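Hi,

Here is the structure I promised to pass along. Have a look at it first, and my notes follow below.

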Amino acid sequence: MNVRNLKSVLVAIALVAIVALPGCKKHAAGNPFPASGEVAGWQKSDDTRVFEAKNLWQYVDGDSEQYIQAGVVTTSTTSYKYQGQLEAVVDVHTMRDADGARKILENGQTSDAKSVSIGDAGVAYAQSVAFRKGPYLVRIVAYQSTPDGQRALMALAHGVEAKL
Amino acid sequence: MTSRREFLKEAATGAVVLSAQARLGLAAAVNHPAESGKSRVVVARDPALHDSTGQLDDKRVLALLDRAIASYTGRDHSVEAWKQILRGVGPDKVIGLKTNGLGGKGISTHAALVLAITERLQQAGVKPGNIVIWDRNARDLVACGLTINTDPSRVRCFGSDVSGFEDNQESYGSARIRLSKILTRECAMVIGVPILKDHEMAGVTFAMKNMYGVVDRPQDLHAGGCNPCVADLNCIPVVRDKVRFTIGDAMTSVYDGGPSFHPERLWQPNALIVGEDRVAIDHTAWQMIERKRAEVGIKTLEAAGRPPRYIATAADATHNLGTNDPQKIHLLEV
C-alpha cells in the first residue's frame with residue numbers, strides 16, 4: 001500500500017470514528033456504578049458484568065424478552081454491600097430511548113409501589129428501588145430486609161443516578 | 001442455633017435425630033397406600049421452616065425432606081426409602097442433582113435442601129464423589145449458596161462451563177440442542193432440584209423447565225411461551241431417561257415478575273414437591289402459584305396471557321411424559 005492509499009484509509013477510519021462514536025456514547029452508560037465508599041456505607045462487592053441484548057438471556061433467562069421488546073441495548077450489573085450486611089444487586093439497562101425505559105418501569109409496577117423522587121420517575125418497595133432517567137432503567141434489589149434498608153437503597157440509587 | 005457446618009457434620013455421621021414432631025409426621029406420611037395407575041405427587045409442608053428473620057432452619061429442611069421421601073416411598077427408614085428412589089442404579093454410578101440458580105441469590109434452589117439430599121444419598125450408599133451437583137455455570141451454583149468442588153473424593157459441584165457440551169446436536173420436535181456432558185457422560189441418574197417460580201414467558205418454571213439449564217443455547221427454546229420446546233426438550237431420550245426424580249424446592253417462590261428475583265412478590269410456601277412424574281409435578285406447582293395469585297388478587301396466568309401450555313403438551317399422546325389430569329394424580333399433602 002502506498003502512502004497516498006494509506007492516508008485515504010486513515011481519513012476514512014477517522015470519519016467513521018467521528019460519525020460512530022457519538023452514537024455509541026448516546027447509549028453507553030459509561031460506568032454507572034459508584035465506587036466503594038462513594039455512597040456512604042456502600043461497598044462494591046462484585047465485578048461489573050455487561051450483557052448485550054443478544055446475550056441478556058445468560059443473565060435473566062426468560063425476563064430478557066420483555067427488555068428486548070422494549071429496545072434494550074446493554075445491561076450492566078454489579079453487587080454491593082451496605083455496612084457489611086445488606087446485600088444488593090444493581091442493574092442498569094441502557095435502552096434505545098426513554099420510551100423503552102418507561103415501558104419497563106410501568107410494566108413492572110404493582111399496586112403497592114411507592115412513588116419516589118428520582119430521575120424522570122421512580123418507585124420503591126421495602127427491598128427494591130427502580131427508576132428511569134432518559135434511556136436508562138435502573139433496578140436495585142436487596143436480598144435482606146433491614147430497618148434502614150430502604151433509606152440505604154435510596155442513597156445508592158441517587159449515587160447511580162448521578163453517574164448517568 | 002447450629003451452624004451449617006455443624007449441621008452437615010452431624011448429618012454426615014448420621015447424628016441428626018428427627019424431632020418428635022418430625023417422627024410423628026413420618027409415621028403419618030407413610031400411612032398412605034399408593035393408588036394404582038395414578039401418578040403420585042407429594043407436597044410436604046412445614047410452616048415453621050423459616051425463622052422470624054426469614055432464615056431457613058437447616059434441620060427442619062432435612063426433616064421435611066425425610067417426610068416427603070417417606071411419604072412418597074411408603075418407607076419410614078430413610079436409607080430404605082432412598083434405595084427405593086435409586087432402584088436400578090448401580091452402586092458405582094453417578095447421581096446428578098440439577099439445581100436452578102439462574103434467579104440469583106434471592107430466588108435459587110436452597111443449598112440447605114441440596115446438602116440434605118447429598119447426605120441422604122451418602123447414607124444410602126452413594127460415594128461422595130459419585131454425587132454431582134450441577135447447573136449452567138459456577139455463578140448459578142454459588143447463587144444457591146454452594147461451593148465449587150471438582151475433587152472426586154468429595155461431593156462434586158461444578159457447572160456445564162467446566163464440562164462443556166456435546167458436539168453432536170440432539171433434536172426432538174422443535175428442540176435442537178447440544179447437551180451438557182455432565183448429563184450425557186457423568187450421570188446415570190439425575191434428580192431435578194428446581195425452584196418454583198413464576199416465569200415471564202413460560203408462565204411457570206419448575207421441573208421440566210429446569211432442563212433449559214442442561215443445553216447450550218436455551219434462548220432458542222423460548223418462542224411461543226416455551227411451548228412446545230419444554231415438552232420437546234424433555235422428550236430427548238437422555239433427558240427423559242436419566243432425569244427420573246424431582247425434589248422441587250417450593251420453600252420460597254415468586255408468584256409474579258419471575259423468573260428474576262422480586263422481593264416484593266416473594267412468598268414462602270414452605271413446601272417440597274416430590275415425585276417421578278414431571279408433568280404431574282409441574283401441574284401441581286402451577287396450581288400452587290395460581291392459588292397464591294388469587295389470594296393476592298392478581299390475574300390468573302391465563303388472563304395474564306402466559307398460561308404454562310407446555311404442561312398439557314408434555315402430557316399429550318405425542319410426548320407422553322406424564323399426566324396433567326387431576327383425576328390421574330394421587331396428590332398427597334403431608
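Arg139(A) counts as buried because it has 22 C-beta neighbours inside 10 Å; the cut-offs are 20 or more other C-beta atoms within 10 Å for buried, 12 or fewer for exposed, and partly exposed in between, with C-beta atoms placed from the backbone. You will find Arg139(A) in strand β8 of chain A, residues 136-142. Helices (H or I, at least four residues) and strands (E, at least two) are DSSP runs, numbered from the N terminus. Leaving aside residues up to four places away in sequence, Arg139(A) touches Asp91(A), Ser128(A) and Ala130(A), where a contact means C-beta atoms, placed from the backbone, within 7 Å. Val90(A) is 49 residues from Arg139(A) along the chain, yet their C-alpha atoms are separated by 5.9 Å.

Before you go further, please note that this is a predicted model, in which local features need pLDDT of at least 70 and side-chain atom pairs count only at pLDDT 80 or more, while totals for chains, interfaces and linings use all residues. Residues are numbered from 1 along each chain as its sequence is written, and chains are lettered from A and ligands numbered from 1 in the order in which they are written.

Now to chain B, which has 12 helices and 13 strands. Of its 334 residues, 55% are buried. Among the contacts in chain B with a separation of 6 or more, 73% are between residues 24 or more positions apart.

Where do the two chains meet? In chain B, 17 residues are in contact with 17 residues of chain A. The chain B side of that contact divides into 7 nonpolar, 7 polar and 3 charged residues. Here Ala, Val, Leu, Ile, Met, Phe, Trp, Tyr, Cys and Pro count as nonpolar, Asp, Glu, Lys and Arg as charged, and the others, Gly among them, as polar.

Two helices may interest you. The axes of α4(B) (residues 78-85) and α5(B) (residues 111-123) come within 9 Å and cross at roughly 95°, so they are roughly perpendicular, a label for angles of 65 to 115 degrees. Ser78(B), Val79(B) and Trp82(B) of α4(B) make this contact with Arg120(B), Leu121(B) and Gln123(B) of α5(B).

Just after α11(B), Gly297(B) takes a positive phi of about 80°.

Best wishes

Conventions. Two residues are in contact if their C-beta atoms, placed from the backbone, lie within 7 Å. Axes are lines fitted to C-alpha atoms, for helices over the stretch in contact, and angles run from 0 to 180 degrees between N-to-C directions. Angles under 35 degrees count as roughly parallel, over 145 as roughly antiparallel, 65 to 115 as roughly perpendicular and the rest as oblique.
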